[in-house]
Structures are given as C-alpha cells and as structure tokens.
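Here are some notes to read alongside the model. Take them in any order you like.

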Amino acid sequence: MSQTIINARVTFRNSPIHILEKFTIRDVEGAYLQFKEHSGLDECVIIQTCNRIELFGKAKNYDQNKIKKTWASLAGLDEEIFDENLEIDENSKAIRHLLKLTSGLDSMIVGEEQIIGQIKNSITSARNLKASGQHLNTLFDKAIRIGTRIRNSTGISQGGISVGSMAVKLAEENIDELKFKKILLIGTGEVSTLVAKSLQRRGYDFVVTSRTLERSQAFCETMGGKPVKFEYVLSEFRNYDILFVATTAPYFLVTFDRISNAMDKRKNGMMILDLSNPRTVDERVSTIGGIKLMNLDQIAEMVEKNMKSRLSKVKTVENIIDEEVLVLEASMKRLDAEPLVKEVFKNIDSLRQKQLKKALSMLDEKDERKIKIIEELTKAVVESIVSTPMNNIRKASEQGKPDLLEFATKLFNYNKTEPE
Ligand SMILES: NC(=O)c1ccc[n+]([C@@H]2O[C@H](COP(=O)([O-])OP(=O)(O)OC[C@H]3O[C@@H](n4cnc5c(N)ncnc54)[C@H](OP(=O)(O)O)[C@@H]3O)[C@@H](O)[C@H]2O)c1
C-alpha cells in the first residue's frame, strides 16, 4: 500500500483566536513521540503560529480518530471540540495546503512573509528531532523553494503590510527626506512594535516614550530607537517633526494647547499619525497651521490599496500551485518506490561482486587492466538488465499505480521494513 501525506489543522479560518490557542501543543518533542506511537504516523512536522496549529504527517496506515485522541490528550481537551475546529486533508489536498502556506495564500494578510520563516523553523526542528523523514523533508524543502519562487515571480508579498508599516509609508509619502527628521513614537504596545519594526527596517532613527521609562528602555533594547522621558515629551513636542501615537490612553495625550504651543516655537510643520482607537490626539490640532494629522482611516485606505494589488495576484498564484501540486505529488509517490529500488540494486550488486570474485579467482587474473575491464563488464550487464524494470517501477509509482510496486515487492522478496 502506498504512503499517505496527511495535514490536520486548526486555524483562524474556522476558529477564533481564544479557541485556537486551546489547541496549542506545548511540548512539541513529546508530541512527536506520541503522534508516532499512538496515531500510526511514521513522520511528523508541527507548525504553530498565532494563526494556526498544524500537523503534517506521513503514514501507511493511520486513523483520523487516533490523531484527534492524541492531540486532545496533549492539549488537555475533549475530543468533541475537534469536530468544529479541526480540518483534515490528505495527499494532493494536503500538498496544496502546504503550498498555500509557503506562498502566503492562506495567511490572514495574504502574502505576509513571516509564515515561510516559521515553516523553515518547523521543518528544521522536526529534522533535528528525527520526527520527519525522507518524505516530509523532501516535501517541505520543495514546498519552501516553490513558495519562495511564487512570491518572487508574482509579487504577492510586495509592499510589507501592517498598521505600522502603512503608517510609516504614509509618513514617507507626505514628508520629504524622512531620514533627516526627528521622529517620536508614543506607546510601547503591539502597534508601536509594528511601527518600530518598520522604522528600523527602513533605517530611520526615532525616540520612544511611554509612561514608565523602564518600559521604553526595555522596548528600545529589542525594537531599536532611543528611550525618552514621558513628562519631557509632553511639554516639548516642538522638538519633533513626526509623531506616531499608539496608546490605549482614555484621554487626549496630544492636546490642542500642547501642539499649539509647540508650533508657536517651530519654523517647520509637523506630521501627527494617530494610530489609536479611540483617538489620543485631539482632532482640532489639524486646524493649527503647519500640522498634518492622519489617523486610522487613512491607514485603512492605505492597507486596502496595497491589499488590492496583492489580491489581484491570488488567481495567478493559485494557477501555479495547481501545476506544482501535480509535480510534487508525483515526486512523493516516486519516493514510495525508492526503498524497494535501492534494496534490489543493493542485492544484485552484492551478487555481482560475489560472482566476480569467484570468476577472477578461477582465472587467477593478476593484470589490473584486465580485472578493471571484467569488473566494468559485470557492472554494465547488471545495469542494463535492472535499470529498465526499476525505472518502470518508479514511473508506475509516480503515476499512482501501486500494483506494479506490490508485484515487484513479492517478485524480489523485499521485506517492507521502512528504512530510517
Ligand atoms: N493591536 C492592533 O492590531 C491595533 C490595530 C489598529 C489600531 N490599534 C489601536 O492602537 C492603540 C494601541 O494598541 P496596542 O495594541 O498597541 O495596545 P497595547 O499593546 O495594549 O499597548 C498600549 C500602550 O498604550 C500605553 N498607554 C496605556 N494607557 C496610557 C495612558 N493613560 N497614557 C499614556 N500611555 C498609555 C501603554 O503604555 P504604558 O507602558 O505606559 O502602559 C502601551 O504602550 C489602541 O488604541 C488600539 O485600539 C490596535
């Protein structure tokens, strides 16, 4: 019987985040052992991100219920919860799903790039733990290469899209020579992290503030930027050309009076991007001369504009995936024949060597040149007899005709123990 590639997943598509996180597998190394021992999988790879928990497996005989049972026991869940949340695909569907992952098509923000790094980490870790083997290693290596090629050739990942990167993009579009401007980031939460990442990536210097200096310092250690005291900032807005404001403060931090005072002392204009909802910049500041105020509405427009360009590429990516699934599936099926083919070549070669040794000893041949010629002859004879049937077995396997493989297994008396 041929091998099955399996994908079992819980993702943001079917499950809200608070449900999804219940399926998290905390001890991945232990989970690999459990899935192999109790679910009939002989290879596994686990992928976990904030939007998905996925198991890829390879098996000859496996039972979906046993996968659920093992996963439920690992995560401390009742099996019933899997009925609404778990999706399972096999073979071409599982391969298609992996290609959608590596090309960014299945991501919440289509084309995002984080997922390909997360998949690379997953297969590297599975490989190191010997949880994956020939089938999944080959599948993942190929899927990562194909995904990268698809991203490059279609541009589906172009123009990094996040609230933070879009805010920085808006600033770039509205301010000349951003790299010579003084940039202030107010807030050290999730959104500020996205802004800081984008500023950092594009090489802009910036300062960061939040109510406690320690928090700003800790933020800057990982995200870049220089920490600055909150009290100082609030009274000295005049020192900054661009303000990114991303806090959950329930009142205006950037008030009309503070900005009005700052602008009295400045020669140049100031851009303020309020990423907070509810707003923490008083909208009236936009009436002060020299102030350009932008908020989440403009950022949402920017995301939409950028997403439109990505979404227009989805069909092209799907078409490429359709073609690649066939090729990948064929190489997976071809792998099914490899253990037998290798074994047959090995056995015949050992017979050849035995007979060659016997013949050379009977001839009592000492001439190295003649010995070489005789040896090459034996190799050529074996090769010419065995290659065609072996290639036919590979081809049949590739074409999804396992009968010939079954027949050859009996014919060559091959015991089906899986090689490591
Ligand atoms: N997360 C998103 O996907 C998303 C997307 C778009 C917009 N937003 C909006 O962006 C804003 C920030 O969201 P977030 O996810 O980054 O929040 P977060 O991770 O909870 O961080 C909140 C930040 O606000 C600061 N803060 C809270 N109360 C404050 C106050 N009274 N005065 C000064 N600073 C205060 C906190 O600083 P301390 O260290 O001083 O506590 C912290 O830096 C929110 O208004 C949210 O609605 C979020």
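**Notes on the model**

1. Let's start in a loop: glutamate 177 sits between α8 (163-174) and β5 (183-186). Keep in mind that this is a predicted model. Glutamate 177 isn't a glycine, yet its phi is positive, about 50°. How exposed is glutamate 177? With a relative accessibility of 49%, it counts as partly exposed, because the exposed class begins only over 50%.

2. Aspartate 364 also has a positive phi, about 55°, and it isn't a glycine either. You'll find aspartate 364 in the loop between α14 (314-363) and α15 (368-398). Its relative accessible area is 52%, so aspartate 364 is exposed.

3. Now for a backbone feature of another kind. Asparagine 277 and proline 278 are joined by a cis peptide bond, with omega at about 5°. Most peptide bonds are trans. Where is proline 278? Look in the loop that runs between β9 (270-274) and β10 (291-295).

4. Asparagine 277 turns up again at the ligand: there are 21 residues around the ligand, and those that come nearest are Thr188, Glu190, Val191, Arg211 and Asn277. By class, this shell holds ten nonpolar, eight polar and three charged residues.

5. Which protein atoms pair up with oxygen atoms of the ligand? From the backbone, an N or O atom of valine 191 is 2.9 Å from a ligand oxygen, and a polar backbone atom of glycine 189 is 3.3 Å from one. From a side chain, arginine 215 places an N or O atom 3.2 Å from an oxygen of the ligand. As for cover, the ligand would expose 890 Å² if taken alone, and the protein buries 74% of that.

6. Last, the largest pocket, which has a volume of about 940 Å³. Its lining is made up of 27 residues, and Glu112, Gln114, Ile161, Ser162 and Leu194 lie nearest the centre. Sorted by class, the lining has ten nonpolar, ten polar and seven charged residues.

7. Which helix gives the most to that lining? The answer is α9, with six residues. The elements that each supply at least two residues to the lining of the largest pocket are α6 (114-128), α8 and α9 (190-201).

Technical notes
Residues numbered from 1 in each chain as written. Predicted model: local features only at pLDDT ≥ 70, side-chain atom pairs only at ≥ 80, totals over all residues. Heavy atoms only, no water. Near = heavy atom within 4 Å. Polar contact = N/O pair within 3.5 Å; in protein donor to acceptor, adjacent residues only side chain to side chain. Areas by Shrake-Rupley, 256 points an atom, 1.4 Å probe, with all protein chains shown as cover. Nonpolar A, V, L, I, M, F, W, Y, C, P; charged D, E, K, R; others polar. Helix = DSSP H or I, 4+ residues; strand = E, 2+ residues; numbered from the N terminus. Buried < 20%, exposed > 50% of the residue type's maximum accessible area, 1.4 Å probe, protein only. 1 Å grid on protein atoms, 1.4 Å probe; cavity = no way out; pocket = protein on both sides within 12 Å on 5 of 7 lines; lining within 4 Å. Points joined across faces, edges and corners; volume = space filled by probe spheres on them.
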